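Please read these notes with the model open beside you. Each point can be checked by eye.

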Amino acid sequence: MEQNSDFREQKELMVLAHISGDELNERYETFSAIDDEEALRRIRQQAGIRSAATMRHRLRYAAAMLVLIVAGAGYWYAQYTRVTPPEISQSVQLAMQQSIQSGMADAVIETDGEWWKDEGIKSKGNAGKESSSLTNQPSTLNPNPSSFIPHPSSLTKEQLLSARRITTRHDKEFWLTLDDGTLVHLNYNTRLIYPEEFGRGDRNVILDGEAYFMVAKDKSRPFIVHTTNGDVKVYGTEFNVNTSHSTSVVLVKGSVSVTPTGGREIMLKPGQQLTLTDNQPSVTQVDTAPYVAWNEGKFFFEEWPLERIMQVIARWYGREVEFTTDEIKQQRYSGNFDRYEDIRPTMEAIETITGLKITFAPDRLIIEP
């Protein structure tokens, strides 16, 4: 070990021996002139520059990520709150035109909160009365609002006071486009209560009678049809609701749920019918063709008893039906007719199909073998 140490010392002396005295002094002065604190400051400054560059890079990355997040959130919100009007087929458009041209499109529209007084809700002091009467004939519906307002507590007072009421009579129908673009086809003897403008919350309407709904899609605002026996919640769809006897909901396409009064929500699939009798629900598979047909201006029946066929058609034309024998009442037939044709061509077609004789009396149709 001592030999190795002596060898290193000798080597260092040999190196120094080759450096002249002047050069050795120069090197010493150079090293002694170095400011330790200044060197440390420069090192820290360079490190700071690198740190600042890193920070700027991170900030640019964070800003880019924030832009993407905001853009994504904006796109999601736009999609979530987007209102998509229903697609109206040419058949439905034609039916609407024929209904107007034939004089079948008729209703009474009331825009005054006064008719809510029976429910114990006072109208605004400055509420003006506006009534658009498209017919002078009264409806056969019970005029007392308490008979068909199912859940007034589920709607806000503002909605009730600003709501409109539209009523069709026993031999008329009406097409109505709501604020969101939803198209409602009211059958005869039907009443609908709806707001002039939907707010940011649920889109609520109240139905008494029968209507076919083609609802505008809006994920942020559920569409709810209130009936006497329960509520129908819509998720963007086509469906038929009838409250004439028991409440019946037929889903044509899309998705709806029905919540009976005091019961649980029941989801329906296309082609299913839910019937509420004494608040007891039952779900069955049905042919949706008759419901689509009446919405498109057709009478559609398949293996119906003649008595039922004639009751539907005669009521539409404002007539009574008289059968001379009971045997012919239960004969079953299938077919479809244009709802907007004159009654005589329709009766002639039924005579041809059934082989029966139909006689026109002042207010009724007499059917005999």
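The numbered points below go through parts of this predicted model.

1. Three strands make up an open sheet with mixed pairing, and their order is 18-21-20. Strand 18 (320–323) and strand 20 (357–360) are the edge strands; each has a single partner strand, so one side of each has no neighbour in the sheet. On average, neighbouring strands in this sheet are turned by 25° against each other, direction ignored.

2. Look next at how strand 18 is held to its partner. Strand 18 and strand 21 (residues 364–368) run parallel and are joined by four bridges. As an example of a pair, Glu322 has Ile366 of strand 21 as its bridge partner. As background, strands of a sheet pair through backbone hydrogen bonds, in either a parallel or an antiparallel way.

3. Two helices lie across this sheet. Helix 7 (residues 306–316) lies across strand 18 and strand 21, and runs at about 155° to strand 18. Helix 8 (residues 343–354) lies across strand 20 and strand 21, and runs at about 155° to strand 20.

4. Which residues of helix 7 are buried? They are Leu306, Ile309, Met310, Ile313, Ala314 and Trp316. Seen down the axis of helix 7, these buried residues fall within an arc of 155°, so they line one face of the helix.

5. What covers the buried residues of helix 7? The cover includes strand 17 (298–305), strand 18, strand 19 (332–338), helix 8 and strand 21. Just after helix 7, Gly318 has a positive phi of about 70°.

6. The model has two cavities of 30 Å³ or more. The second largest cavity has a volume of about 40 Å³. Its lining is made by Phe301, Leu306, Ile309, Tyr333, Ser334, Phe337, Ile350, Ile353 and Thr354. Helix 7, strand 19 and helix 8 are the elements that give two or more residues to this lining.

7. The largest pocket is an open space of about 1100 Å³. It is lined by 36 residues, and the closest to its centre are Glu210, Asn242, Trp304, Arg308 and Val312. The elements that give two or more residues to the lining of this pocket are strand 11 (238–242), helix 6 (289–295), strand 17 and helix 7.

8. Finally, turn to strand 7 (residues 203–208). Is strand 7 mostly covered or mostly open? Strand 7 is mostly covered, with six of its six residues buried. Arg203, Val205 and Leu207 are buried on one side, and Asn204, Ile206 and Asp208 are buried on the other, so that both faces are covered.

9. Strand 7 also has partners. Strand 6 (residues 191–195) pairs with strand 7 in the antiparallel sense over three bridges, and Arg191 has Asp208 as its bridge partner in strand 7. Strand 9 (residues 223–227) runs parallel to strand 7, and four bridges join the two. Here Ile206 stands opposite His226 of strand 9.

How values were computed:
Residues are numbered from 1 along each chain as its sequence is written. This is a predicted model: local features need pLDDT of at least 70, side-chain atom pairs count only at pLDDT 80 or more; totals for chains, interfaces and linings use all residues. Side-chain values use heavy atoms; hydrogens and water are left out. Two strands pair if DSSP finds at least two bridges between them. Axes are lines fitted to C-alpha atoms, for helices over the stretch in contact, and angles run from 0 to 180 degrees between N-to-C directions. Contact means heavy atoms within 4.5 Å. Buried means under 20% relative accessible area, exposed over 50%, partly exposed in between (1.4 Å probe, protein chains only). The arc is that of the directions from the helix axis to the C-beta atoms. On a 1 Å grid over the protein atoms alone, a cavity is a set of points where a 1.4 Å probe fits but cannot get out, and a pocket is an open set with protein on both sides within 12 Å along at least five of seven lines; lining residues have an atom within 4 Å of a point. Grid points are joined across faces, edges and corners, and a volume is the space filled by probe spheres set on the points.
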